[in-house]
Amino acid sequence: MAHAIVPPYLLARIAAVQEPTWAKAAEAARSTLAAPREYRPVRSRLRLSIEDDGTLVAEATPAPDREISDAQQKEQLPGVKVRGEDDPPTGDTSVDQAFDGLGATFDFLWDAFARDSLDGSGGSLLSTVHYGENYDNAFWNGERMVFGDGDGEVFSGFTGSLTVIAHELAHGVIEDEGGLLYRGQSGALNESFADVVGALAEQHHLGQTADQASWLIGEGIFTDAVEGRALRSMAAPGTAYDDDVLGRDPQPAHMRDFVVTRDDNGGVHINSGIPNHAFYLLAIALGGYAWERAGLIWYRTLSGALPSTADFSTFANATLAAAAAEYGEESEEVAAVRAAWTSVGVIDDARAAETAA
């Protein structure tokens, strides 16, 4: 199963459009849905910084090992190698954006969680750009990131969004930690954790605190013709777009609106709005840089003894246990985690209701 940033229900909606002005986008969506996505299950650097007292600090840290290939509009992987780790920028925007996005995600994983690449052991970061003709998606195939160029009518491209790049790379982290079954609630958790990494990687790169961030996933990938800001909003699920052609963002923010469907592997891209919003509420409640406490709790949960079939309730209880192990049973962090999950209807706890009030 290859993981892709654009949900199949959204592509299906575009593919069904009959208006002549959207003919290219409709054909691109049909081609994207039909295209196969094959799935196939250390460097170091010196960082210099200056402390408050003026002391120069030199620290040896892991360095990414990136390789970007060009599919040259074919649907064949890996394509032709066009940039390696020690190569200068190519002048191809997609190549250089992908290279930078892989590096920013690597830096985030190391700085936030001391994780050396996706596998924790300095594994190479591979990517292919210019995949297919008018290909309307970006996906992780178990080995590399793959980017289409978009159709130019609905999607403008995917390499310019760090949230997209980090989201897809996060699927590699999830797989390395044992995976979350990509169906139903465990699949929605899989998508949600990837969104969390996408949002946090962007915030880390921009130096944003939780209250400064947009909490949008895929901001900038739509053209100006689309009435929408992004694919998803963690702050307000269901509000990312509302367009005559695309329809309205279907994500719920609360369990009372949970969508029961057989499509999209049981609604993995839709119902991820619920745990997404829980994380957002936690991050805002704790304040500061969201990766420092909220993100760490989620990461400790994923890298702990989490079953691959975990549902929302199982994951929520695991985050409570992770927060207690990290900060103490009676900590502010545990109370905030409990309040967040209660607010989205996943757990029912009187103490959380009192905290939220």
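I take a salt bridge to be a side-chain nitrogen of Lys or Arg within 4 Å of a carboxyl oxygen of Asp or Glu.

**Entry 1. Basis**

I am working from a predicted model, in which local features need pLDDT of at least 70, side-chain atom pairs count only at pLDDT 80 or more, and totals for chains, interfaces and linings use all residues. I number residues from 1 along each chain as its sequence is written, and side-chain values use heavy atoms, with hydrogens and water left out.

**Entry 2. Confidence**

I looked up pLDDT, the predictor's confidence in each residue, from 0 to 100. The protein chain averages 91, and 90% of the residues score at least 70. Over residues 352-357 the pLDDT falls below 50, and I note 7 contacts (heavy atoms within 4.5 Å) for this stretch beyond near neighbours in sequence. Where pLDDT is low, the predicted coordinates should not be read in detail.

**Entry 3. Salt bridges**

I searched the whole structure and found 10 salt bridges. I class residues as buried under 20% relative accessible area, exposed over 50% and partly exposed in between, with a 1.4 Å probe and protein chains only. Helices (H or I, at least four residues) and strands (E, at least two) are DSSP runs, numbered from the N terminus.

Arginine 115 pairs with aspartate 176, their closest N and O atoms being 2.9 Å apart. Arginine 115 lies in the loop between α3 (93-113) and β6 (125-129), and aspartate 176 in helix α4 (residues 162-176), so the pair ties together parts 61 residues apart in sequence. Arginine 115 is buried at 4% relative accessible area, whereas aspartate 176 is partly exposed at 40%. I also find Arg115, Asp176 and Glu177 linked in a network of salt bridges.

Glutamate 27 and arginine 30 form a salt bridge, with the closest N and O atoms 3.2 Å apart. Both belong to helix α2 (residues 23-34), where their spacing of 3 residues is about one helical turn. Glutamate 27 is partly exposed at 41%, and arginine 30 is partly exposed at 38%.

Arginine 144 meets glutamate 143 in a salt bridge at 3.9 Å, N to O. Arginine 144 is buried at 4%, while glutamate 143 is partly exposed at 33%.

**Entry 4. Helices α5 and α8**

I fitted axes as lines to C-alpha atoms, for helices over the stretch in contact, with angles from 0 to 180 degrees between N-to-C directions. Helix α5 (residues 184-206) packs against helix α8 (residues 294-302) at about 145 degrees, with the axes 11 Å apart. Phe193, Val196 and Leu200 in α5 meet Gly295, Trp298, Tyr299 and Leu302 in α8.
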